[in-house]
Amino acid sequence: MTMIAYPPKPSPGDRVAVISPSSGLPGLFPLPFELGLERLRKEFGLEPVEYPTTRKMGATPGERAADIHAAFADPTIKAVIASIGGDDQITVLPFLDRELIRANPKPFFGLSDNTNLLAYLRNTGIVGYHGASVMVELGRPVAMHPQTADSLRAALFTSGPYELRPAERFNDIDRDWADPATFDSEPSTRPGSGWSWVNADRVVEGRTWGGCLEILGSLLMADREIARDPAEYDGGVLLLETSEEMPSAAEVFRTLRNMGERGLLGRFSALLMARPKTWSFEHPNGPEESARYAAEQREAVLRAMRDYAPEATIVFDVDFGHTDPQVVIPYGGTVRVDGPARRVTVTY
């Protein structure tokens, strides 16, 4: 079994790396990126440090790997934060030096395509943090969502238990980052419906694995950063969320079915399923279409879990995916899912 440890935490005043292991979108959309950097300085007291590919579109996998190495190897850098996700980080993994990173453990924050690096770090023995990209969460117009900010602050600077709460209101509708007017007002929100529980008659505590479902599918197809021995995940807590690409219910089911056939799905004692993003520029769904999409995804997940992990505790609509607010979940760290008390507590 891989020995996984929490890396040392930064303190206010420390330098933190801001890298783009996936896409150099800060170069195309500077407004949310600069806002995110400003918040790191003013609200979190950290000094962001950029690297050669942080704002570079089309950087090669080797160039992006070099930035990752530089960030981890620099003893003055105390944490590493992704600017945003993308869709080809899997091509960076072969260029990474596992021994260099293992010798210099640091907290890494990212989600979506950064599932690749989070899975890599877990296999390297380092707890990562699923959430809080610079452009999206830190660069939110007008102000960070208080729930996101509180979770990120706790994950950055504290160690120990942190209880998650369902969002009373949420948003999953995007606005144009190229339009300065986007940043004149906060995103509109709509009421949340709380979490939904399945098999909530037990308490599960285990280490997490998972992330963005589409990226997990890629890792499974390429056979990268998946434990050779499925027992690695026994008793763990599976994290799953879907991106703005909005995979169909059929795609979600097939990916989970393949995980089941590989002997992975049944290893987990609990599943935290993030609130799905139900709107995108390509699919500007109205309320009825959004509700239908979410319901179909939930049924696809339930169908797969009934087939391969019928006893697992499931919590739906946890706010750690591509919606707003977004709480930070330790990746490879410990999560306690208390069904009878309807409580989820992470350990930062």
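Trainee: About how many Å³ of space lie in the largest cavity?
Mentor: About 50 Å³. Keep in mind that this is a predicted model, where local features need pLDDT of at least 70, side-chain atom pairs count only at pLDDT 80 or more, and totals for chains, interfaces and linings use all residues. Residues are numbered from 1 along each chain as its sequence is written, and side-chain values use heavy atoms, leaving out hydrogens and water.

Trainee: What makes a set of points a cavity, and what a pocket?
Mentor: On a 1 Å grid over the protein atoms alone, a 1.4 Å probe fits in a cavity but cannot get out, while a pocket is an open set with protein on both sides within 12 Å along at least five of seven lines. The count here comes to one cavity of 30 Å³ or more.

Trainee: Which residues line the largest cavity?
Mentor: Met-273, Ala-274, Pro-276, Ala-294, Gln-297, Arg-298, Phe-316 and Asp-317; a lining residue has an atom within 4 Å of a point. β12 (270-274), α9 (287-308) and β13 (313-318) each supply at least two residues of that lining, with the largest share, three residues, coming from α9.

Trainee: And what about the largest pocket, which residues are closest to its centre?
Mentor: Of its 42 lining residues, those are Val-136, Asp-174, Trp-177, Glu-244 and His-322. The largest pocket holds about 1100 Å³ of space, and α5 (134-138) and α7 are the elements that give two or more residues to its lining.

Trainee: Why are α4 and α7 called oblique to each other?
Mentor: The axes of α4 (residues 115-124) and α7 (residues 213-222) cross at roughly 60° and come within 9 Å. Angles under 35 degrees count as roughly parallel, over 145 as roughly antiparallel, 65 to 115 as roughly perpendicular and the rest as oblique, so α4 and α7 are oblique. Their contact (heavy atoms within 4.5 Å) is made by Thr-115, Asn-116 and Ala-119 of α4 and Ile-215, Leu-216 and Leu-219 of α7.

Trainee: What makes the aromatic pair of Trp-209 and Tyr-233 tilted?
Mentor: The centres are 4.8 Å apart and the planes 35°. Rings of Phe, Tyr and Trp (its six-membered ring) pair if their centres lie within 6.5 Å; planes under 30 degrees apart are stacked, over 60 edge-to-face and the rest tilted. Trp-209 and Tyr-233 therefore form a pair, and a tilted one. Trp-209 sits in strand β10 (residues 203-212) and Tyr-233 in the loop between α7 and β11 (237-241), 24 residues apart.

Definitions and conventions
Axes fitted to C-alpha atoms, helices over the stretch in contact; angles between N-to-C directions. Helix = DSSP H or I, 4+ residues; strand = E, 2+ residues; numbered from the N terminus. Points joined across faces, edges and corners; volume = space filled by probe spheres on them.
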